Amino acid sequence: MQYPKQNIPLFMEFKPANKIQDLQYFGEFGGVNPSISDSSTYTFLSAKTMFDTFEGNADGCYLYSRHSSPSNLYLGEALAAMEGTETANVTASGMGAITGVLLELCKANDHIVCSRTIYGGTYAFLKNFAPGFGVQTSFVDITDLKAVEAAITDRTKVLYCESLSNPLLEVADIKALAVIAKKYNLKLVVDNTFSPLSISPKLLGADIIIHSLTKFINGSSDMVGGVVCGTHKFINSLRDVNSGACMLLGSTLDSLRAASILKNLRTLHIRIQQHSKNALYLAEKFEAAGLKTVYPGLVSHPSHLTCKKMLNTAYGFGGMLTIDVGSLAKANELMELMQNKNLGYLAVSLGFYKTLFSSPGSSTSSEIPENEQKAMGLSDGLIRFSVGLDADIERTYLLMIECMTAVELL
Ligand code: PLP
């Protein structure tokens with residue numbers, strides 16, 4: 001029996017990697033890759049068309065590459081397909097996407113309710129920079145839905161979180177947050193940088209989805225980029241020549257970079273599966289060895305079931321895990337030794353083919369004051385791992401255990 005299409009649950013229909021696979025673009029001369037638009041400005045056959053384009057009324061015409069370019073549009077459409085949104089706008093960095101969205105949605109006297117565990121740069125923007133423009137933020141435990149609701153005021157415009165938070169790997173219950181956002185007429189903005197393909201926030205009710213492309217999506221640690229995925233209406237407002245935050249703040253991605261990210265995006269599904277497989281293997285082994293391990297795929301994770309419910313299971317729980325080794329000195333000793341043994345690099349960022357490890361309290365979250373780090377459970381001895389694509393993760397684990405024994409952790 002054939003079911004009518006609308007009765008098929010959305011999660012069965014929506015296969016994000018297929019959406020990327022199904023896109024078909026040809027280059028100018030039939031190339032299998034779209035041609036790269038190597039121009040900052042574009043000619044018009046008539047002055048009238050130029051005027052219409054400025055007014056936003058000439059579909060398919062390009063104006064100036066800070067506004068949009070063919071290469072940026074190709075990448076944006078592929079990322080919109082991945083996230084299941086109407087369209088997307090690519091930016092020069094993840095922070096370019098985050099700041100553009102928040103400054104577009106919030107004006108003086110507006111208010112944001114935000115998870116207290118988020119990337120340090122986002123935290124610093126909301127805590128130190130946005131108040132200068134009259135935008136205030138309340139930071140809450142995003143897993144405590146009552147606290148989230150209690151923080152909303154009549155000035156609140158945005159509910160902001162990361163699907164899996166940096167660096168504590170707290171899980172945002174996007175479906176439940178979307179219900180709260182709808183009730184109070186807020187925009188639910190989700191940074192999905194840690195879980196591309198694994199979690200599809202739009203399907204769970206998010207309004208706007210952001211990624212730092214710098215991480216898993218590009219996957220080769222050779223560039224910085226970002227994206228905002230949302231409705232045509234919102235993305236057009238970001239690009240509006242008179243009032244759009246992305247257009248006027250100028251966080252535009254370079255076309256050459258956009259073309260190169262698009263090529264890497266095509267292997268994302270294979271890479272994420274391998275990152276997730278390796279991270280789950282290490283997390284289970286580390287926990288069994290007695291290390292304090294946090295990974296959303298572990299049954300011991302407080303939000304394991306929430307995460308499992310949201311997951312596109314083929315892609316697993318992602319490549320990020322943390323262990324707590326008790327002190328910064330111990331963390332540094334272990335990370336230096338693991339780097340010396342070529343088990344990965346002591347570096348910030350994530351999504352590289354090699355494992356990357358860093359101590360967030362003194363690096364990517366150092367913008368967060370010490371007392372607040374403590375309150376949110378970010379301890380000195382925390383090591384964040386972005387687990388690499390190692391073909392032989394069993395060997396990696398054994399060599400890591402040797403390092404841990406050498407620094408007297410085990
Ligand atoms: N969002 C998350 C979760 C991040 O981890 C980062 C950077 O580490 C960013 C956003 C900012 O991205 P970018 O460095 O590309 O500006």
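A polar side-chain atom of Thr214 sits 2.6 Å from an oxygen atom of the ligand; a polar contact here is a pair of N or O atoms within 3.5 Å. Taken alone, the ligand exposes 390 Å², and the protein buries 90% of that (areas by the Shrake-Rupley method with a 1.4 Å probe). Please keep in mind that this is a predicted model, where local features need pLDDT of at least 70, side-chain atom pairs count only at pLDDT 80 or more, and totals for chains, interfaces and linings use all residues. Residues are numbered from 1 along each chain as its sequence is written, and side-chain values use heavy atoms, leaving out hydrogens and water.

- In the side chain of Asp191, an N or O atom lies 2.6 Å from a nitrogen atom of the ligand.
- Asn166 has a polar side-chain atom 2.9 Å from an oxygen atom of the ligand.

**The shell around the ligand**
- Among the 15 residues around the ligand, the nearest are Met95, Asp191, Ser212, Thr214 and Lys215 (near means a heavy atom within 4 Å).
- Helix H5 (residues 94-105) gives the most to this shell, with three residues; helices are DSSP runs of H or I with at least four residues, numbered from the N terminus.
- The shell divides into five nonpolar, seven polar and three charged residues, with Asp, Glu, Lys and Arg counted as charged, Ala, Val, Leu, Ile, Met, Phe, Trp, Tyr, Cys and Pro as nonpolar, and the others, Gly among them, as polar.

Definitions and conventions:
Polar contact = N/O pair within 3.5 Å; in protein donor to acceptor, adjacent residues only side chain to side chain. Helix = DSSP H or I, 4+ residues; strand = E, 2+ residues; numbered from the N terminus.
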